Amino acid sequence: MNWYVLYVKPQSEKKVASALKRIGVTVFCPTITEVRVWSDRKKKLEVPLFKSYVFVQLSENQRNRVFGVHGVVRYLFWLGKPAVVRDAEIETIKSWLADEKLEDFEVKQYRPGDAVKLSSGPLKDKKAVIHEIGPKTMRLVLKDLGVVVVASIRDVSKV
């Protein structure tokens, strides 16, 4: 059975993942904790790591099962075929999210557009481009994986 990428309606990733689990589909919807600040309070929210995407593990002949779930739009395609994600890539994402070595920090010497290389953790030696820098996170574009990742990472080095 392969892992496929589903494109879902915006802000419905967790609802779709829950509904897919109820019908017996193996689902992976990676989430991270973000602190959102309003004028009167701060709140920790569990948000999807990949906006509008959910990973499902199905056999080829069962791929149409997902379309009975409200919020599923389509499969992500690559070269005219549904995009297949390798098990190793799913495991890398899982181990990266579980890595306790990742810490919050503030980066001031980097600017958006800088090319960086991750020097530790499961994504070690992956090249990325800084898209945005926040007070405690950096939004990195990982061109090799074709994704944008928001992460609090201890060590990056300029390429």
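Trainee: What should I know before I start?
Mentor: This is a predicted model, in which local features need pLDDT of at least 70, side-chain atom pairs count only at pLDDT 80 or more, and totals for chains, interfaces and linings use all residues. Residues are numbered from 1 along each chain as its sequence is written, and side-chain values use heavy atoms, with hydrogens and water left out.

Trainee: Let's start with α2. How many residues does helix α2 have?
Mentor: Helix α2 covers residues 87-98 and has 12 residues. Helices (H or I, at least four residues) and strands (E, at least two) are DSSP runs, numbered from the N terminus. From first C-alpha to last, α2 reaches 16 Å, close to the 16 Å expected at 1.5 Å a residue. The expected span is 1.5 Å times one less than the number of residues.

Trainee: Which residues of α2 are buried?
Mentor: Ile90, Ile93 and Trp96 are buried. Buried means under 20% relative accessible area, exposed over 50%, and partly exposed in between (1.4 Å probe, protein chains only).

Trainee: Where do the buried residues of α2 fall, seen down its axis?
Mentor: They fall within an arc of 125°, so they line one face of the helix. The arc is that of the directions from the helix axis to the C-beta atoms. The face turned away from the buried side carries the exposed residues Ala88 and Ala98.

Trainee: New topic. How many residues are in the largest nonpolar core?
Mentor: It has 21 residues. Leu49, Phe55 and Leu140 have the most contacts inside it. A nonpolar core is a set of buried Ala, Val, Leu, Ile, Met, Phe, Trp, Tyr and Cys residues joined through side-chain atoms within 4.5 Å.

Trainee: Which elements each supply at least two residues of this core?
Mentor: They are β1 (2-8), α2, β10 (115-118), β11 (127-133) and β12 (138-142).

Trainee: Where is Ala17?
Mentor: Ala17 is in helix α1, residues 13-22. Ala17 is buried, with a relative accessible area of 7%. Ala17 and Phe55 are 38 residues apart in sequence and 8.6 Å apart in space, C-alpha to C-alpha.

Trainee: On to strands. How do β3 and β4 run?
Mentor: They run antiparallel, and seven bridges join β3 (residues 31-37) to β4 (residues 42-48). Two strands pair if DSSP finds at least two bridges between them. Ile32 has Val47 in β4 as its bridge partner. The two strands form a hairpin with four residues between them.

Trainee: And β10, which residues are on its covered face?
Mentor: Val116 and Leu118 are on the covered face, while Ala115 and Lys117 are on the uncovered one. In a regular strand, side chains alternate between the two faces of the sheet. Three bridges join β10 to β11, and these strands run antiparallel. In β11, Lys127 is the bridge partner of Lys117.

Trainee: Now rings. How many aromatic pairs does the structure hold?
Mentor: It holds five. Rings of Phe, Tyr and Trp (its six-membered ring) pair if their centres lie within 6.5 Å; planes under 30 degrees apart count as stacked, over 60 as edge-to-face and the rest as tilted. Take Tyr7 and Tyr53: their ring centres are 5.8 Å apart and their planes at 65°, so the pair is edge-to-face. Tyr7 lies in strand β1 and Tyr53 in strand β5 (residues 53-58), so the pair ties together parts that are 46 residues apart in sequence.

Trainee: Why is the pair of Phe50 and Phe55 edge-to-face?
Mentor: Their ring centres are 5.8 Å apart and their planes are at 85°, so that pair is edge-to-face. Phe50 is buried at 10% relative accessible area, and Phe55 is buried at 7%.

Trainee: What lies over the face of Tyr75?
Mentor: Arg63 does, at 5.0 Å from the ring centre. A charge sits over a ring if NZ of Lys or CZ of Arg is within 6 Å of the ring centre and within 35 degrees of the ring normal. The charged end of Lys94 sits over the ring of Phe28, 5.1 Å from its centre.
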